[in-house]
Amino acid sequence: MTQHDPTNDADPYLWLEDVTGDDALDWVRTHNQPTVDDLTSSDRFRDMEAATLAALDTDDRIPYVRRRGEFLYNFWKDATNPRGLWRRTTLDSYVTDDPEWDVLIDVDELARAEDENWVWAGATVLRPDHERALISLSRGGADATVVREFDLTTRSWVDGGFELPENKSSVSWIDRDSVYVGTDFGEQPDGRSALTDSGYPRIVKRWTRGTPLAQAETVFAGEVSDVSVRAVYDDTPGFERHFLRRSTDFFNSLFYELHDGRTELVEVPTDAHAGVRRDWLLVLTRSEWTVGDDTHAPGTLLVFDYPAYLAGDRTATVLFRPDAHTSLVDYAFTRSHLIIVTLHDVHTRVEVRSVGDWTPVDMPGLPELATISVLDTDPDESDEVFWSATSFTDPPSLLHGDSGVDATVIKRSPSFFDAENVTAEQHFATSDDGTQIPYFVVRRRDVTTGPTLLYGYGGFENSLTPGYLTIAGQNWIDRGGIYVIANIRGGGEYGPAWHTQAQKAGRHKVYEDFAAVARTLVDTGLTTASQLGAQGGSNGGLLMGVMLTRYPNLFSALVCQVPLIDMRRYHLLLAGASWMAEYGDPDDPDQWEFMKPFSPYQNISADAEYPPILVTTSTRDDRVHPGHARKLVARLEETGHDVAYYENIEGGHGGAADNKQAAFKSALAYEFLWRTLSPAD
């Protein structure tokens, strides 16, 4: 098999890494147009695009909220306000069918007034008076943002307030007149950058109102090789403290308490998730940890007396212990309770414990056989909880109540497909090493075989849990397609070990798992190889690239979105250096040996027969470099393969800056899949 390895000579497509270069963008436009012309001409495409946009824009959606003081805040986009409204209301109004919203910022109007392509990136409200907010705005949906201070009482930008230019900054309130800030402070006196190799802040400063940013006091400086450094102020009444977290790689960090410029290391495993609430230190292990005479498995949640822990006491209470089928997903505090959310074979369970003595409390009133998540709590003020409940066939519901008592449904999303005629089932495939890999099959009851779309991710401990399939339900399942989600290793469905065994040299397990599910779908008669397609984005886009180059005979269509592709250079592009703990260091010859077989760019062959592939990305994605997607297409074309390509000129890592763009991108993918997997339709 003839292969071309650009690590052995000059890469002829490096020029496509010039994100906004004239030549690169001309190449993009030249490749976009045939794809748009080909895939957008059918009535089916127009119907799917319109249905998707209607679902994204409908006023019947749940306006999800976060409580800040007496108000509930929401960010809302619809057909009239495609860039969105930041608004608020009261709980009494919110529970009605037609809440009265107080609009604070109209992003569409702001974009028009300033002639900028603003995309909302979030707000941080100052506690406890909730009169000021730090607003983050992105140009075109990039991760890099502009930060400005906003006065919630006057509904105006603060003249001379805290403001940062476009960067991947971190900023958090200390009090009304001071913030912690990490940004690009420019070259430092020692000649080093203020940013890490990953492009995030490595220096944290305390910035006081009325002083230039250049005069802000340095609190801590990490290393250029770190991923990032961030400081926060814990304003819990009576337990006010300052903390700093230095992320040495994507999965390891050092946790400090700050005391008047002095750092005190909280000695917990660097790969653990650790946090302090009042006088309790919670530690969620990611690897085996021996404390005193006890050894705790990965995925165990422990609580310690924090002041005693700092003094050397390691007495722990076990709040959650995993087993072969059960892992912890999340935990959240209310004033009186600790809520623990777990997965048992990828199905949600919820446990509530009393704060302090940690005894279990009955939690009635939550739906069964649904994915439950905690949306918001305000642990300093009350036991109030906003919950979300959903499944593959049940639209999301928003529940509200106090922890430990019944939760009441206060909002429901509309249905977008005929769920009465849809079934969702869980099955297991056997991977190459014998591991059982769960997957979900969602289909119409009258469909027993046919075009099948397999979706996967498999990385960074992200779990794929059951959730309402608004877009896939309309554009795939309702039209007779079968939708499959694979819970492959690399995710967190069975706790940290489900992920860690697939890092670096174990990465092959991710791809073997996905291929095992694909084979099982065919072996069980659910579909055929000629009707099986797959889709994935970001790390899932890398998954698609590996399926293309190593398992091309398993699929007849691939949709590869905002992907990583050139794993020889990924660590040199944008945020790529931060992911070396996941994939490995390609500059280390020993690590490159296990990485190279799963770097799609280095494994494209002119002799292979590849399935049709649609590759999409975004020019404004400043997380995964669009050069990955561009170079994949260029290499495929060079070696004589057909490929469809579309690059949104804006949109960030999500690939779309507004609902209209998202609907177009989604319909493009489904039209490609229908044409390829069911050409007679």
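The lining of the largest pocket comprises seven nonpolar, one polar and eight charged residues, where Ala, Val, Leu, Ile, Met, Phe, Trp, Tyr, Cys and Pro count as nonpolar, Asp, Glu, Lys and Arg as charged, and the others, Gly among them, as polar. The structure is a predicted model, in which local features need pLDDT of at least 70 and side-chain atom pairs count only at pLDDT 80 or more, whereas totals for chains, interfaces and linings use all residues. Residues are numbered from 1 along each chain as its sequence is written, and side-chain values use heavy atoms, with hydrogens and water left out.

Of the 16 residues that line the largest pocket, Asp-59, Pro-63, Asp-97, Pro-99 and Lys-411 lie nearest its centre. A pocket is an open set of points on a 1 Å grid over the protein atoms alone, with protein on both sides within 12 Å along at least five of seven lines; a cavity is a set of points where a 1.4 Å probe fits but cannot get out, and lining residues have an atom within 4 Å of a point. The volume of the largest pocket is about 330 Å³, a volume being the space filled by probe spheres set on the points, which are joined across faces, edges and corners. Strand E31 (residues 408-412) gives the most to this lining, with three residues; helices (H or I, at least four residues) and strands (E, at least two) are DSSP runs, numbered from the N terminus.

The count of cavities of 30 Å³ or more comes to four. The second largest cavity holds about 70 Å³ of space, and its lining divides into seven nonpolar, no polar and two charged residues. Among the residues of that lining are Lys-504, Arg-507, Tyr-511 and Phe-598.

The largest nonpolar core has 101 residues, of which Leu-454, Phe-514 and Phe-555 touch the most other members. Such a core is a set of buried Ala, Val, Leu, Ile, Met, Phe, Trp, Tyr and Cys residues joined through side-chain atoms within 4.5 Å; buried means under 20% relative accessible area, exposed over 50%, and partly exposed in between (1.4 Å probe, protein chains only). Helix H13 (residues 659-677) supplies the largest share of this core, nine residues. A second, separate core of 16 residues includes Tyr-73, Ile-105, Val-125 and Val-146.

Leu-554 lies in the loop between H9 and E37, and it counts as buried because its relative accessibility is 11%. Apart from neighbours within four places in sequence, Leu-554 is in contact (heavy atoms within 4.5 Å) with Ala-515, Ala-518, Arg-519, Ala-529 and Leu-532.

All eight residues of helix H6 (residues 470-477) are buried, so H6 is largely enclosed by the rest of the structure. Its cover includes helix H2 (43-57), strand E32 (422-430), strand E34 (452-455) and H13.

Helix H12 (residues 627-638) should span 16 Å with its twelve residues, and its end C-alpha atoms are 16 Å apart, which agrees; the expected span is 1.5 Å times one less than the number of residues. H12 is mostly covered, with ten of its twelve residues buried. Among the buried residues are Arg-630, Lys-631 and Arg-635. The cover of H12 includes helix H1 (22-39), helix H9 (539-550) and strand E37 (557-561). Just after H12, Gly-640 takes a positive phi of about 90 degrees.
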